[in-house]
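Subject: Structure handover

Hello,

Here is the structure I promised to pass on. Please open it alongside this note, and then read my findings below.

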Amino acid sequence: MKAIVLFSGGLDSLLATRIIQEQGIEVTGLNFATPFYDRSEPAQKAADALEMELIVYRTGNEYMEQIAHPRFGYGKAVNPCIDCRIEMYRVAKEQMEQFGAGFVVSGDVVGQRPNNQMQHQLRLIQRESELDGYIVRPLSAGAMIPTQPELQGWIDRKRLHRYTGRGRGRAIALAHRLGIKKIPPMSTGCFLCEKSYAPKVFDLFQHEPHPTNWDAEILNAGRQLRISPKVKMVLARNENHCKRLEELFARSDARPSILLIPESFQGPTAILIGEEIQESIELAGTLILRYTNSDKYDPSAATIRVCRHSSQTVIPAGIVK
Ligand code: SF4
């Protein structure tokens with residue numbers, strides 16, 4: 001018998017995996033990486049330690065569509081956790097069928113997270129992902145209705161747990177009992193759960209009905225300045241952002257945009273995104289100068305290289321004074 005485990009690499013997913021492995025089930029991990037939450041590298045290390053194959057599933061533009069228009073709404077920030085979990089389980093179901101696995105395993109603990117782990121939410125998620133009866137939650141199984149793998153005798157319900165609510169201490173104790181030596185630290189969370197991050201995501205969703213991964217990635221590449229309903233400027237905060245903006249501008253899935261690079265002085269790179277970008281170039285030049293230390297250049301001689309897309313190449317297109 002085989003199973004697919006939703007594997008973030010966090011402690012609960014490690015425990016769930018090990019508990020099922022100990023019952024002689026062959027487990028394959030599925031890691032779900034989004035533009036807002038990507039822990040695939042530590043997850044790979046954790047999977048290696050468990051001697052488990054790991055599939056990293058990177059979400060695409062369909063996921064962006066789903067989270068821009070969530071059927072079950074947002075949590076306290078811009079986190080559409082119910083829709084997001086349904087999507088994770090939908091992908092897990094596909095993998096389950098592809099691998100000939102019998103069920104899906106998850107490290108969910110009933111009541112641990114108010115966004116998606118309350119009993120009624122867990123039931124909703126398994127129904128919507130068409131996995132009713134086929135999701136085993138080894139840490140909380142005793143607090144839930146028995147699943148088909150338990151009823152069919154594929155796994156022993158008595159060897160599963162009945163944890164509910166929060167409690168890292170008991171999880172660490174269980175990890176020691178199961179011989180897990182490397183306890184992962186509490187994971188840094190998903191950006192979508194951060195209230196301070198929410199305004200720029202809402203701004204994106206408000207102005208772009210079909211947001212893409214590119215839109216999401218550029219949210220992390222500098223200050224987001226809404227110049228008009230149709231034009232947004234992203235202004236680098238540091239050198240990494242400058243490089244990142246150039247990379248994103250050169251990508252084949254980039255939106256229509258103009259890249260502005262200070263030429264005669266050291267200042268922040270910027271990108272203008274939108275339909276009316278030509279009219280905004282001078283304003284962008286002014287903003288770049290405003291965020292530059294004027295002690296280090298002569299403002300009257302400052303020039304900015306303006307790069308436009310031409311097929312897949314980037315060309316210098318003019319000078320803003
Ligand atoms: S916190 Fe919510 S939105 Fe973010 S990855 Fe988890 S389920 Fe998805």
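Predicted model: local features only at pLDDT ≥ 70, side-chain atom pairs only at ≥ 80, totals over all residues.

**The loop between α7 and α8**

Gly 189 sits in the loop between α7 and α8. Is Gly 189 buried or exposed? Gly 189 has 12 other C-beta atoms within 10 Å, so it is exposed. Its C-alpha atom is 27 Å from that of Met 144. Along the chain, Gly 189 and Met 144 are 45 residues apart.

Phe 191 lies in that loop too, between α7 (168–177) and α8 (198–207). Phe 191 has 22 C-beta neighbours inside 10 Å and therefore counts as buried. What does Phe 191 touch, not counting residues up to four places away in sequence? The answer is Phe 36, Tyr 37 and Tyr 197. Asp 38 is 153 residues from Phe 191 in sequence. In space, the C-alpha atoms of Phe 191 and Asp 38 are 10.0 Å apart.

**Overall picture**

The protein has 321 residues, and 40% of them are buried. Its secondary structure comes to 11 helices and 11 strands. The C-alpha trace spans about 80 × 35 × 35 Å along its principal axes. Take the contacts with a separation of 6 or more: 62% of these join residues 24 or more positions apart.

**Cores**

The largest nonpolar core has 56 residues. Ala 3, Val 5, Ile 20, Val 104 and Val 105 have the most contacts inside it. Which helix gives the most to this core? It is α4, with 8 residues.

**Two helix pairs**

Start with α1 and α7. Helix α1 (residues 11–21) packs on α7 at an angle of about 40 degrees, and the axes are 10 Å apart. That angle is why α1 counts as oblique to α7. The crossing of α1 past α7 is left-handed. On the α1 side, the contact uses Leu 11, Asp 12, Leu 14 and Leu 15. On the α7 side, it uses Ala 171, Leu 174 and Ala 175. By class, this contact has 6 nonpolar residues, no polar ones and 1 charged.

Now α3 and α4. The axes of helix α3 (residues 61–68) and helix α4 (residues 81–99) come within 9 Å and cross at roughly 150 degrees. The angle therefore makes α3 roughly antiparallel to α4. Here α3 passes α4 in a right-handed crossing. From α3, Tyr 63, Gln 66 and Ile 67 take part. They meet Asp 83, Cys 84 and Glu 87 of α4. The classes in this contact are 3 nonpolar, 1 polar and 2 charged residues.

Best wishes

Definitions and conventions. Residues numbered from 1 in each chain as written. Helix = DSSP H or I, 4+ residues; strand = E, 2+ residues; numbered from the N terminus. Buried ≥ 20, exposed ≤ 12 C-beta atoms within 10 Å, placed from the backbone. Contact = placed C-beta atoms within 7 Å. Axes fitted to C-alpha atoms, helices over the stretch in contact; angles between N-to-C directions. Parallel < 35°, antiparallel > 145°, perpendicular 65-115°, else oblique. Left-handed = near helix turned anticlockwise from the far one by under 90°. Nonpolar A, V, L, I, M, F, W, Y, C, P; charged D, E, K, R; others polar. Core = buried A, V, L, I, M, F, W, Y, C linked by C-beta atoms within 7 Å.
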